[in-house]
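This report goes through one protein chain, from its overall make-up down to a single residue. The sequence and the structure come next.

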Amino acid sequence: MEYRKPTLNRGVNPLKMNWLWRLNCQVGYVGVDDVIAALNDVGIYPSRERALGWLKSEGDDGYFPLSIAELEQNMRALAKARAIRDDEVLGRVVRNQPKI
C-alpha cells in the first residue's frame, strides 16, 4: 500500500499541544514520574501538578496548556534520559560478559 499523507483535520494551536503529548505518552509508555525525572536531570523542575495538567484536555480541572516548545523540551529530555539508561544497561552487560 502506498503511503498517503494524512489530512490535517484539526486546527493546530502551538500553544496547546496537550493532545499530541498524550498521544506520545501512550505510544511511548511515558508516565508523569518519567517526565519529571528526565526534566529534573536537565535542570528543569516542573511541579507534579503541572506535569499532570499536560495530560488533561482544555476545560478539565488542573489543565495546563503545553506549548510546542515544551513538548519538544520534554521529548528531548526523555530521549537523553533513555539514552543514558541504555548506555548504563549496555555497560553492565559488557562488564558482566565472561572473559574468553
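The model is predicted. The chain contains four helices and zero strands, so its elements read α-α-α-α when followed from the N terminus. Among the helices are α1 (18–28) and α2 (32–41).

The C-alpha trace spans about 60 × 45 × 20 Å along its principal axes. The radius of gyration of the chain is 18 Å, whereas a compact globule of 100 residues would have a value near 13 Å. Of the 100 residues, 23% count as buried. Among contacts with a separation of 6 or more, 62% are made by residues 24 or more positions apart.

| Property of the chain | Value |
|---|---|
| Positive side chains | 15 |
| Negative side chains | 13 |
| Distance between the centres of the two charge sets | 4 Å |

One residue deserves a separate entry for its backbone. Most residues other than glycine have a negative phi. Tyr29, by contrast, has a positive phi near 50°. Where is Tyr29 found? Tyr29 sits in the loop between α1 and α2. Is Tyr29 buried or exposed? Its relative accessible area is 71%, and exposed means over 50%, so Tyr29 counts as exposed.

Notes. Residues numbered from 1 in each chain as written. Predicted model: local features only at pLDDT ≥ 70, side-chain atom pairs only at ≥ 80, totals over all residues. Heavy atoms only, no water. Helix = DSSP H or I, 4+ residues; strand = E, 2+ residues; numbered from the N terminus. Rg over C-alpha atoms; globule rule 2.2 N^0.38 Å. Buried < 20%, exposed > 50% of the residue type's maximum accessible area, 1.4 Å probe, protein only. Contact = heavy atoms within 4.5 Å. Lys, Arg positive; Asp, Glu negative; His and termini not counted. Charge placed at Lys NZ, Arg CZ, Asp CG, Glu CD.
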